[in-house]
Amino acid sequence: MNKPLRILGIDPALRKTGYGIIESNGTLTRLVDCGVIQNKYTDQARKLRSIYEGLLEIIHKFSPQHVAMESIIFVQNRKTAIDMGAARGVALLLFSLKDLPVFEYNPKKIKIAATGIGSARKEQVSFMIKALLAMDSIPPNDAADALAVALTHVHHFWHIRKVYDFIS
């Protein structure tokens, strides 16, 4: 039996950063925790600090071994792109400072891993995350997105591991 791997999935954004922590041994995957870092501040510097401090607290509390996040997506609005980039940058800096490996997945791959459909809506992702992780209720969209990223990494990691073990 494989040693369980603890993964922190995040959906970074200035107003609400979703996070989800799962643990998997390649056969069984279980929910550890999930939620949203709510940002009440109005200025960008404080928002970024809030994200940093919230993620730091999560890392200290749950000790993830890997981090998974959505890769940069095409955004039509420049301000949104800049804000998302700032939130991602703070998260990436923190993970680097903590020597946590970061794995990025594109949105379509994440939706396929969670729902089987690359164009799934947020509500569909949330519904499937509830079912896949045997949750009592549907998680908030931002937390569900973070859990979907973490599940994508679980599938990818253990699949690559099986292939590596097979050819070794």
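Analyst: Happy to. About 630 Å³ of space lies in the largest pocket, and please keep in mind that the model is predicted.

User: What makes a residue part of the lining of the largest pocket, and which ones lie nearest its centre?

Analyst: A lining residue must have an atom within 4 Å of a pocket point. For the largest pocket, 28 residues line it, and D11, E70, I73, M84 and K122 lie nearest the centre. Helices α2, α3, α4 (122-132) and α5 (141-167) each supply at least two lining residues. The largest share comes from α2, with five residues.

User: Why is A91 called buried?

Analyst: The cut-off for buried is under 20% relative accessible area. A91 has 1% relative accessibility, so A91 counts as buried. This residue sits in helix α2, where A91 touches I10 and L55, leaving out residues up to four places away in sequence.

User: And why does S71 count as buried?

Analyst: The relative accessibility of S71 is 19%, and the cut-off is under 20%, so S71 counts as buried. S71 is found in the loop between β4 and α2. Beyond its neighbours within four places in sequence, S71 is in contact with R88, E104, Y105, N106 and P107.

User: Is A134 buried or exposed, and how do you know?

Analyst: Exposed means over 50% relative accessible area. A134 has 66%, so A134 is exposed. Its place is the loop between α4 and α5.

User: What is noted about the phi of A134?

Analyst: A134 has a positive phi of about 50 degrees, although A134 is not a glycine. After α3 comes G116, with a positive phi near 90 degrees.

User: What makes the largest nonpolar core a core, and which residues have the most contacts inside it?

Analyst: Its members have to be buried nonpolar residues joined through side-chain atoms within 4.5 Å. The largest such set has 20 residues, and L8, I10, Y19, L55, I58 and F95 have the most contacts inside it. Two or more residues each come from β1 (5-11), β2 (16-24), α1 (44-62), β4 (66-70) and α2 (78-97). The most come from α1, with six residues. A second, separate core of 19 residues includes L5, A120, V125 and L151.

User: Which residues does I10 touch?

Analyst: Leaving out residues up to four places away in sequence, I10 touches G18, Y19, L55, A68, M69, E70, A91, F95, A146 and V149.

User: How do you know that the buried residues of α3 line one face of the helix?

Analyst: In α3 (residues 107-115), I110, A114 and T115 are buried. Seen down the axis of α3, the buried residues fall within an arc of 100 degrees, so they line one face of the helix. At the start of α3, a side-chain oxygen of N106 reaches to within 3.1 Å of the backbone nitrogen of K108.

User: What about α4: which residues are buried there, and why are they said to be on the same side?

Analyst: V125, S126 and I129 are buried in α4. They cover an arc of only 100 degrees around the axis, which puts them on the same side of α4.

Methods:
Residues are numbered from 1 along each chain as its sequence is written. This is a predicted model: local features need pLDDT of at least 70, side-chain atom pairs count only at pLDDT 80 or more; totals for chains, interfaces and linings use all residues. Side-chain values use heavy atoms; hydrogens and water are left out. Buried means under 20% relative accessible area, exposed over 50%, partly exposed in between (1.4 Å probe, protein chains only). Helices (H or I, at least four residues) and strands (E, at least two) are DSSP runs, numbered from the N terminus. Contact means heavy atoms within 4.5 Å. The arc is that of the directions from the helix axis to the C-beta atoms. A polar contact is a pair of N or O atoms within 3.5 Å; within protein, one must be able to donate a hydrogen and the other to accept it, and residues adjacent in sequence count only if both atoms are side-chain atoms. On a 1 Å grid over the protein atoms alone, a cavity is a set of points where a 1.4 Å probe fits but cannot get out, and a pocket is an open set with protein on both sides within 12 Å along at least five of seven lines; lining residues have an atom within 4 Å of a point. Grid points are joined across faces, edges and corners, and a volume is the space filled by probe spheres set on the points.
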